[in-house]
Protein chains: 2
Amino acid sequence: MELAGVADVAATSLVNVAQKRSYAIFAANDDAADAMRKAGLTLAGNLTDGLRSADLVVDTSPKGITARNAEMYRSLNVPFIVNGGEEHELTGHSFSALANYRETLSKQAVRVVSCNTTALCRVVTALKRSSVGIADIFATIIRRAADPVRTKSGPVNAIVPVLGGLSHHAPDVLTVIPDIPIASLAAVVSSTLSHVHMVRIQFKAPVDRDTLLRSFKSTPRIVLVSGERGIVDNAHVLELHRDLLRPRGDMWEVAIWEDSVYVEGNMAVLSYCVHMESIAVPENVDAIRAMLELERDPGISIRRTDEALGCYREDADYGSL
Amino acid sequence: MELAGVADVAATSLVNVAQKRSYAIFAANDDAADAMRKAGLTLAGNLTDGLRSADLVVDTSPKGITARNAEMYRSLNVPFIVNGGEEHELTGHSFSALANYRETLSKQAVRVVSCNTTALCRVVTALKRSSVGIADIFATIIRRAADPVRTKSGPVNAIVPVLGGLSHHAPDVLTVIPDIPIASLAAVVSSTLSHVHMVRIQFKAPVDRDTLLRSFKSTPRIVLVSGERGIVDNAHVLELHRDLLRPRGDMWEVAIWEDSVYVEGNMAVLSYCVHMESIAVPENVDAIRAMLELERDPGISIRRTDEALGCYREDADYGSL
């Protein structure tokens, strides 16, 4: 897989980084081209030039722009991926690698679901692996205020409930895994590091903790962290991944606190940390592979992506996805 | 009811405020007395002098100290109240005014439950008023990092899940309301203003939203606030109570976001704001009235307290408590 280039509307610092890394740069529109050249960028052309040289485009534009771009991609017959902020209807197919890779083969338009939904989809997939029927899942999403660089956003010192009923996260899971009884609430808090989910599951029969832990351990893109060993909050989880020398300190996995996993009869609870900036990166890579049918087997694609990124786990079971 | 005096171990700024307000000041131990006098306080005696002049003592000492003090109160036959940080076993009776006033009459030792448990007890009482059987309550407690003046505490930028299983809040509700199916999880976040609870209730039969809202409106010490009218987070809830000129900006009520109340078949969700500093203040007043049998009827006591504080609501039903 090769990155054909990056398109943007301005000579931002990030586009300069892309040029330093020798990626081809395209101007997303003609007005932008002049300003970008004046700012010292060497352009490989405009967006349509970029699209001609690419087999597929991943659109990460702001909401509204993406929908307009989608029309263009369709008219040019370029397969495209949009991300979780967009509506399911924009592509008609939503994707999470562990859950519905096979249904994504040869699709021309795919939405990779949001960070929170990606995490929920992985956890639900792992829960289903435990082979005990699920009667009810209720998730509380404690959302980060903003990504670290969104310094104009808040809150600085507040808790902001998502009002107007249930949150959109559980319905969003249903676009990927349609047969799961799930509901969710959400609140935004004053943290920039990650989201945290607190989930309660009611199973149809008693479940034991070891079975659940085995399911989590055997599922790719889930890691267990331990409060007992000092990883007591999301700050420690992210710091751990910086210490592991992850590029940008990214954490592509869902990090479940092993000591949050608690079972009482048919009920289980668990909490985990979701790095909003990076968790959907491997999903985008797998979506590309599925859409272009570079690989038909989900386990082989997911493993290849994890190996390339550096989050392959020998003890995870890539075979039965 | 008259405040016989305040005992402390040092001439803190707060004790000076108490003296300025003409309350009698007692030294909590003999070592403290000298230092407090040197700092300019006029002492009315030591703690045992204070206890002799009082019909009852409310102990708000740090954990550990309270347990030792309790032995002294018992040996001096002074009825006493401890607060939510203490174990239920220290007094054998836990109290929340709306829930178990009658069982508290003439008790010699009472624990007024914590801020979070007080809020849960009030909400459960209101839910029971809706007359639809409750099958399951699951609460996620989003805890404030620290009270505003605890400036050495954190977190500044993190989400800290309570690990090791369920949180202590639901079991604590059971010390007051023993017959309710309830479980809870908790996480600490970077806010100093209040706690926020997000609760999901499964009823034994379908419930309608208006019935629930009526139950909340008719329950004392619960107020409804509206995100639609601008009260979109806990910062706005507390600001509202400052604008209402509440002393210290205190909010003695549970503030439920009306637009968080959502019903789907047998299930309801709601979110509310809990002012940790002040919510248990009226409960302490009622506990005193019950323990000393100054009033045997819960509704009359609760109404008297609310009138005295300034949070009496004409549309609340004090009659059927």
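In chain A, helix H10 passes helix H11 in a right-handed crossing. Keep in mind that this is a predicted model.

**The H10 and H11 pair in chain A**

- H10(A) covers residues 281-291 and H11(A) covers residues 298-309; the two pack at an angle of about 135 degrees, with 10 Å between their axes.
- That angle makes H10(A) oblique to H11(A), because an angle between 115 and 145 degrees is neither roughly perpendicular nor roughly antiparallel.
- Who does the touching? On the H10(A) side look for Val281(A), Pro282(A), Val285(A), Asp286(A) and Arg289(A), and on the H11(A) side for Ser301(A), Ile302(A), Arg304(A), Thr305(A) and Leu309(A).
- Sorted by class, this contact between H10(A) and H11(A) has five nonpolar, two polar and three charged residues.
- Here's a handy bit of background: an α-helix has 3.6 residues a turn, so residues three or four places apart point the same way.

**The H10 and H11 pair in chain B**

- Now switch to chain B, where H10(B) (residues 281-291) and H11(B) (residues 298-309) pack at about 135 degrees with their axes 10 Å apart.
- H10(B) is therefore oblique to H11(B).
- The crossing of H10(B) past H11(B) is right-handed.
- H10(B) brings Val281(B), Pro282(B), Val285(B), Asp286(B) and Arg289(B) to the contact, while H11(B) brings Ser301(B), Ile302(B), Arg304(B), Thr305(B) and Leu309(B).
- By class, that contact of H10(B) with H11(B) has five nonpolar, two polar and three charged residues.
- How many of the eleven residues of H10(B) are buried? Nine of them are, so this helix is mostly covered.
- Among those buried residues are Glu283(B), Asp286(B), Ala287(B), Ile288(B) and Met291(B).

**A closer look at Arg289(B)**

- Arg289(B) sits in helix H10 of chain B.
- Is Arg289(B) buried or exposed? Its relative accessible area is 7%, and because the cut-off for buried is under 20%, Arg289(B) counts as buried.
- If you skip the neighbours within four places in sequence, Arg289(B) is in contact with Met1(B), Tyr101(B), Leu294(B), Glu295(B), Ser301(B), Arg304(B) and Thr305(B).

**Salt bridges**

- Over all chains, the count comes to 38 salt bridges.
- One of them pairs Asp136(B) with Arg200(A), with the closest N and O atoms 2.5 Å apart.
- That pair crosses between chains, going from strand S8 of chain B (residues 134-144) to strand S11 of chain A (residues 195-203).
- Both ends are tucked away: Asp136(B) is buried at a relative accessible area of 10%, and Arg200(A) is buried at 1%.
- Within chain B, Arg111(B) and Asp172(B) form a salt bridge at 2.6 Å, N to O.
- Arg111(B) belongs to strand S7 (residues 109-112) and Asp172(B) to helix H7 (residues 169-174), so this pair ties together parts 61 residues apart in sequence.
- Arg111(B) and Asp172(B) are both buried.
- Another bridge joins Asp147(B) to Arg144(B), the closest N and O atoms being 2.8 Å apart.
- Here the two ends fall into separate categories: Asp147(B) is partly exposed at 22%, whereas Arg144(B) is buried at 15%.
- Over in chain A, salt bridges that share partners link Arg122(A), Arg221(A), Glu283(A), Asp286(A), Arg289(A) and Asp306(A) into one network.

- Most residues other than glycine have a negative phi, and most peptide bonds are trans.
- In chain A, Gly154(A) and Pro155(A) are joined by a cis peptide bond, with omega about 0 degrees.
- You'll find Pro155(A) in the loop between strands S8 and S9 of chain A.
- In chain B, a cis peptide bond joins Gly154(B) to Pro155(B), with omega about 5 degrees, and Pro155(B) lies in the loop between S8 and S9 of that chain.
- Glu293(A) has a positive phi, near 50 degrees, and it is found in the loop between H10 and H11 of chain A.
- Glu293(A) is partly exposed, at 35% relative accessible area.
- Glu293(B), which follows H10(B), has a positive phi near 50 degrees.
- Ser131(B) has a positive phi too, near 65 degrees.
- Ser131(B) lies in the loop between helix H6 and strand S8 of chain B, and at 67% relative accessibility Ser131(B) counts as exposed.

Notes:
Residues numbered from 1 in each chain as written. Chains lettered and ligands numbered in written order. Predicted model: local features only at pLDDT ≥ 70, side-chain atom pairs only at ≥ 80, totals over all residues. Heavy atoms only, no water. Axes fitted to C-alpha atoms, helices over the stretch in contact; angles between N-to-C directions. Helix = DSSP H or I, 4+ residues; strand = E, 2+ residues; numbered from the N terminus. Parallel < 35°, antiparallel > 145°, perpendicular 65-115°, else oblique. Left-handed = near helix turned anticlockwise from the far one by under 90°. Contact = heavy atoms within 4.5 Å. Nonpolar A, V, L, I, M, F, W, Y, C, P; charged D, E, K, R; others polar. Salt bridge = Lys/Arg side-chain N within 4 Å of Asp/Glu carboxyl O. Buried < 20%, exposed > 50% of the residue type's maximum accessible area, 1.4 Å probe, protein only.
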